[in-house]
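This briefing covers the ligand site, the domains and the pockets of one model. Please view the structure alongside the text.

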Amino acid sequence: MKQSLEHTITREGIGAERAIELWTDVIEPACLTADHPRFLAFMPNSPSIYAAAFDGVVGTASIYAGAWLEGAGAICAENQVIRWIADLAGFPASAGGTFMSGGTSGNLSALVAARHRALSSDSGVTRGNAKVCIGEGTHSSVRYLLESVMGVEVVVVPADDRGRLTGKLLRATLDSMGSEARAGVFAIVATAGSTNAGTVDDLQGIADVAEEGRLWLHVDGAYGGAGLLATEKRDLYRGIDRADSLIIDPHKWLFGPYDSCAIVYRDGAQGRAAHTQNASYLDPLADAEEMNPSDLGMHLTRRARGIPLWFSLAAHGVGAYQAAVEQTLRTARQGAELIRANPDLNLLVEPDLSVLLFERRGWTASDYTSLSERLLNDQVAFVTPTQHAGKPCYRLAILNPKTTIGDIEAILELMH
Ligand SMILES: *Cc1c(COP(=O)(O)O)cnc(C)c1O
C-alpha cells in the first residue's frame, strides 16, 4: 500500500485516471466498510442512501455554512433538524444549536459554554478551582477534553451495579467534598447511551441534583440520543428535557454519513455567548438576527454537514427513522436472548439500548483477540474485544438496521 502511494504526489500530476485506479485498487480496499451489517465493533456507521448521496451534494456545492450571510438556505434547513432534535428532547423555544464534526467537538463546545456561564456569574467558580462531575461510563473524550484541553479537574462519581451514573451517587459524591472543593464544580456530564455498555444514566435524578446545585447538565447522547425515537424506550430518557445541552451524532445511530454531531443548547444564547469570535473582518456577521452556526461551537468555517440528515429525514419521514432505530433494538433484544440461552455465554449488562456486552465462560483476553482476528481475516465480521469490570469480554454494537439476528448467530456459533 505504501509503495503504491509513495510516489503519487508529483510536479506534473499523475492524472485523474491513474488516481482513481489507485483509489479503487489500493486505497479503498485498505479501509474497512463501516456500514457493513457485520461491522459490529466500536460504533458502526450506516448512512441511508439519501444521506450518503446528499453528502456528495454538500461537498460539491461550495456552501459556506458558518454564517447566515453566506449560507442562509442551508443553515435554515439544518435548523429544522436541530429543532426536531430539540423537540424530541423536550427543549423550549429558546433552544438552538448546530452540527459539528463529532461527539468530541460537540462535548467540548458544551463544556466550554458551561464554564463560560459559571465564570460569568457569581457562582464562586474560577479558572483555578473549576471541576466537572462525570461517571465511570462517561466517554473517554470528556475526560480528555476537561483535563488536557480545558485544564479542568474531573470528579469521577462511582457507578451503580450497571455502570450508570445516578442522582443518588452524584449527591453522595458532592456531599463528601469539602465546601471549598465543591465550590468549583460547575457541570455534570450524564450519558444517554454509554459507549461500552449502551446504558442510560439516571437523567431525572441527576437533573434534580444539577438544579439544586445550579450546575450545568450536559447530556452526551452521541450514540444513544437517537434512542429517543423508540417509543418503548422513552421512559429511559425521562429528565433529558432538563439538560442545558445535548449532543447526538447522526454518524452513529441516525443513519447519517461521517462526520456529524448535533449540539443543542437548551438556550441557544448560552452557546453564542461562549463561542462568538471577535475580529474586525467578521463584523459584517455580528448583528445577524439569527444565530450564526459559527457562534455556537468551537469552529468558524464549516460545511453544511447537517444537510445530508435534513434531506434524508425530509424525504423518508420521521416514521422511517423510528422504524430503523426500533429494528436495531429488536435485533439487539433477540441477540441478548440468544446469549442468555447459551450456557457457554454470560450477558454482563442487561442492555438498555443496542449494545451487547457478554463473555464466553473460561475465555481469556487472547481468546477474544484471536477470534476477532479470525473473523476479520475470513471476512466474516468485525468485532473487537473490550473489558467490563476489569474482565475481557465481547461487545456488539448493533446500529445498522440491516444487521440481522442471523448475523449475530453466526458470530456466537464461533464462540463454542
Ligand atoms: C462516540 C462517542 C463520543 C465521541 O464522538 P466522536 O464523534 O467519535 O468524536 C462521545 N460520547 C459518546 C457517548 C460516544 O459514544
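A polar contact is a pair of N or O atoms within 3.5 Å; within protein, one must be able to donate a hydrogen and the other to accept it, and residues adjacent in sequence count only if both atoms are side-chain atoms. The model is predicted, with local features needing pLDDT of at least 70 and side-chain atom pairs counting only at pLDDT 80 or more, while totals for chains, interfaces and linings use all residues. Residues are numbered from 1 along each chain as its sequence is written, and side-chain values use heavy atoms, with hydrogens and water left out.

**Ligand site**

- A nitrogen atom of the ligand lies 2.6 Å from an N or O atom in the side chain of Asp220.
- An oxygen atom of the ligand is 2.7 Å from a polar backbone atom of Gly103, and an oxygen atom of the ligand is 3.0 Å from an N or O atom in the side chain of His251.
- On its own the ligand has 380 Å² of accessible area, of which the protein covers 86% (Shrake-Rupley method, 1.4 Å probe).
- Around the ligand are 15 residues, of which Gly103, Thr104, Asp220, Asp249 and Lys252 come nearest (a residue is near if one of its heavy atoms lies within 4 Å).
- The largest share of this shell, 3 residues, comes from α5 (helices are DSSP runs of H or I with at least four residues, and strands are runs of E with at least two, numbered from the N terminus).
- By class, the shell holds 3 nonpolar, 9 polar and 3 charged residues (Ala, Val, Leu, Ile, Met, Phe, Trp, Tyr, Cys and Pro count as nonpolar, Asp, Glu, Lys and Arg as charged, and the others, Gly among them, as polar).

**Domains**

- The domain assignment, which is automatic or from a database, gives domain 1 (2-31), domain 2 (52-316) and domain 3 (318-412).
- Between the C-alpha centres of domain 1 and domain 3 the distance is 36 Å.

**Largest pocket**

- A pocket is an open set of points on a 1 Å grid over the protein atoms alone, where a 1.4 Å probe fits, with protein on both sides within 12 Å along at least five of seven lines; lining residues have an atom within 4 Å of a point.
- The largest pocket holds about 510 Å³ of space, a volume being the space filled by probe spheres set on the points, which are joined across faces, edges and corners.
- Its lining has 23 residues, with Glu136, Gly137, Thr195, Asn196 and Ala197 closest to the centre.
- Domain 2 and domain 3 both contribute lining residues, so the largest pocket lies between them.
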